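Q: Please take a close look at one part of this model. I would like the aromatic side chains and their surroundings in one connected account.
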Amino acid sequence: EEGRLSEALVLYDSVQSIGIRTNDPILILDGLNGKGEVYINKNKGDSAAYYYKALLSESLKAEATPYAMFGYSGLGKAYWLLGRKREGLQQMLQAITLADSMGAMLEKKNFLLAVAEMEESLGEIGLALNYRKAYETTSDSLLSQNQQRDILLGEARYQAREREQQLFRQEAQLKKRRAQLIFLIVTLLGVLLIGWLVYRNFLQKRMLQQQEIEDLKKEKLLLASQALVRGQEAERSRLARDLHDGLGGMLSGIKLSLSAMKGNMILTETNAILFTATLQKLDETIGEMRRVAHSMMPEALIRLGLGQAIQDFCSGIQATGKLNISFQQLGLKKRQPADTEIVIYRIVQELLNNIIKHAKATEVLVQISTQAPLLTLTIEDNGIGFDVEQHNENDGAGLSNVRSRVDYLKGRIDIQSSPGKGTSVFIEIPLIDEP
């Protein structure tokens, strides 16, 4: 018994501590009341009186009258244990007063019995008898209240059963209506689902047809682009051959004839100077014609491949002093089909010519590399740049040619630029593996 009381004391102390931490006055009051009750059961009146006084103080602060009632009754028991019987009796009478004011008849009955026993112990037989009578009266009143409560409880149960049956009938009707509603909703959803499936099927067919139309348009544009590029390259090749083999040969023949004539003619000093200047102009004309023919169809591209041809073209531009070009090539070991190399070479030409004409750049990086399954081309400059979005709405002839050639090779182009920050062009082209 002592061990259980000690456990109870620890538990009530925990309740009080939780109340203090959470600022919950009810938990504090429960903890104080419980600890006072434990010390009463341990017959330690002084400790019980300490906690019941604290309970009274806290209950007044929290305006918790029921706890004040328990505080008075507990303090009365504590004083009685300490031998302060008259003080204990006064505390119990205070508890009866509070119980009566709150209508707490059960607690009042218990307090009346305790006071009757106290008065009898003090030898006040008349007072003890009066309190005993009050106790009996309160007990009878409680019994009557309990009987009345039982009657009311029986009526309440009967009415509850009636309400339950009524609710059961209403619930049955609701279930029936709910089943009908669910059937209608399922039917409606089924109709809507069928309609949606039909509509979705229609949209899919329409989208497929639209996609087929778009694909045909793209294929048509691609074929037109391919035909245009092939035509341009064929014409370039023909003009290059005509210039180099036809006009170039004729000009070289004229030069030889004039050189031979010079040895057989007697000219004045002035005419000799003019004749020599004319031969020099003819040499310059032949050189320019060969440069144009080389630009239209470079021999290095045919004989040595794409990397060397681009290297020569970059070196030629750098020799003019217009641009400082850094050229890098990685992995260009295997030749691509001739028309593919020609188109890539034209893309580099077009981009570098655009830089010379518009970018006002001083430094250019040209990088070409292959890593299966792609050939990548990067050209960056430190020029004035441009607004890409605005430029895309109305491409110039240069970029339009570049885009058409990239499309011809089924590649992808990405242009990054902004005013004052230069331009970067990145191109990816699928490699072709020839047997």
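Is tyrosine 51 buried or exposed, and at what relative accessibility?

A: Tyrosine 51 counts as buried, because its relative accessibility is 18%. The cut-offs are under 20% relative accessible area for buried, over 50% for exposed, and partly exposed in between, with a 1.4 Å probe and protein chains only. This is a predicted model: local features need pLDDT of at least 70, side-chain atom pairs count only at pLDDT 80 or more, and totals for chains, interfaces and linings use all residues. Residues are numbered from 1 along each chain as its sequence is written, and side-chain values use heavy atoms, leaving out hydrogens and water.

Next, the rings. Rings of Phe, Tyr and Trp (its six-membered ring) pair if their centres lie within 6.5 Å; planes under 30 degrees apart are stacked, over 60 edge-to-face, the rest tilted. That rule gives three aromatic pairs. In one, the rings of tyrosine 50 and tyrosine 51 have centres 5.0 Å apart and planes at 80 degrees, so they meet edge-to-face. Tyrosine 50 counts as exposed, because its relative accessibility is 56%. Tyr39, Tyr50 and Tyr51 make up one aromatic cluster.

Phenylalanine 313 and tyrosine 345 also form an edge-to-face pair, at 5.9 Å centre to centre and 70 degrees between the planes. Phenylalanine 313 lies in helix H10 (residues 306-319) and tyrosine 345 in helix H11 (residues 338-359), so this pair ties together parts 32 residues apart in sequence. Helices here are DSSP runs of H or I, at least four residues long, numbered from the N terminus. Phenylalanine 313 is buried at 16% relative accessible area. Tyrosine 345 is buried at 2%.

The charged end of lysine 85 sits over the ring of tryptophan 80, 5.0 Å from its centre. The test is NZ of Lys or CZ of Arg within 6 Å of the ring centre and within 35 degrees of the ring normal.

Helix H4 covers residues 65-81. Its 17 residues should span 24 Å at 1.5 Å a residue, and its end C-alpha atoms are 25 Å apart, which agrees. The expected span is 1.5 Å times one less than the number of residues. Two tyrosines, Tyr67 and Tyr79, are among the buried residues of H4. The buried residues of H4 pack against helices H2 (25-41), H3 (45-62), H5 (85-102) and H6 (105-121), where contact means heavy atoms within 4.5 Å. Just after H4, glycine 83 has a positive phi of about 85 degrees.
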